[in-house]
Amino acid sequence: VPSYFAEDLFNLISEKRRPPYRWFLIGPKRSGTSAHIDPLGTSAWNALVYGRKRWIMTKPGTRKRQVKGYALRKKGEDGEASTYFSYHVPRILKDEAEKKVRDMGIREVIQEPGEVIYVPGGWYHAVLNLTHTIAVTQNFCAKAQFLKIWRHVRKGRKKMALKWLKALKEKYPDLAEAALKCNEDDGWKMKEASKKSKKKKKKKKRKCSDSSDSEERRERRRRRNCDPNAEFHASRAVPSSSYQSGRGSR
């Protein structure tokens, strides 16, 4: 991780609970992504190892319809990155230059090998691979963006928000207080997992284990009673681990 982006509050959450955030990217020439905003209001960094990329970014608050150029698409044109950069972007820039649309504050840059691009949270961006490329990218949450991201997480990832708040209370009590004040100001109520639902989960787990135990007991009884179908039943009752190891050896 580049030193500039070492701070990441999502590190307080386990890998299991945290949404996907880090990718190793291999892209052929003319592949890429059309305009989008990264999830949960997070920022991102993209380090290019090999090849060249063309980037376009727009300032926050830009309308989705405008940045994607929906009104400028012609019949038969799709939303792929190559189509977007070849046809839609020139039309968007032309309309912007002629003052036909609101200024989106478009930034355009060519990324070379060894360079790192920073994408601020909430900014629409699109990427086109000008050659075959290899890159590493990661989404993260810095303290400066915390409240903005907190609003996204508490709504879209409710269970994760509870775990995150608990960890923040231990590690960064000031941010936890800010999150609770934000909830209060917005009139947002966070619901803890009820005791009832926890009991239901435990009951369900117990029921599953009981059913598997009773199946094993029935199998043993069949064998003791010399059931003529015992061999057939036993073959069906081979543990999954044995089956898997058998598959692996083929």
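The lining of the second largest pocket in this predicted model divides into eight nonpolar, eleven polar and two charged residues. This pocket holds about 450 Å³ of space. Of its 21 lining residues, Leu25, Thr33, His36, Asn46 and Thr137 lie nearest the centre. At least two lining residues each are supplied by β1, β2, β3, β4 (53-57), β7 (125-129) and β8 (133-140). The largest share, four residues, comes from β1.

Most residues other than glycine have a negative phi. Arg30, although not a glycine, has a positive phi of about 75°; this residue lies in the loop that joins β1 (22-27) to β2 (32-36). Leu40, likewise not a glycine, has a positive phi of about 60° and is placed in the loop between β2 and β3 (43-50). Leu40 has a relative accessible area of 18%, and because buried means under 20%, Leu40 counts as buried.

Helix α4 comprises 14 residues, 158-171. The buried residues of α4 are Met160, Ala161, Trp164, Leu165, Ala167 and Leu168. In an α-helix, residues three or four places apart point the same way, because there are 3.6 residues a turn. The cover over the buried residues of α4 includes α3 (146-156) and α5 (173-186).

Conventions:
Residues are numbered from 1 along each chain as its sequence is written. This is a predicted model: local features need pLDDT of at least 70, side-chain atom pairs count only at pLDDT 80 or more; totals for chains, interfaces and linings use all residues. Side-chain values use heavy atoms; hydrogens and water are left out. Buried means under 20% relative accessible area, exposed over 50%, partly exposed in between (1.4 Å probe, protein chains only). The expected span of a helix is 1.5 Å times one less than its number of residues. Contact means heavy atoms within 4.5 Å. On a 1 Å grid over the protein atoms alone, a cavity is a set of points where a 1.4 Å probe fits but cannot get out, and a pocket is an open set with protein on both sides within 12 Å along at least five of seven lines; lining residues have an atom within 4 Å of a point. Grid points are joined across faces, edges and corners, and a volume is the space filled by probe spheres set on the points. Ala, Val, Leu, Ile, Met, Phe, Trp, Tyr, Cys and Pro count as nonpolar, Asp, Glu, Lys and Arg as charged, and the others, Gly among them, as polar.
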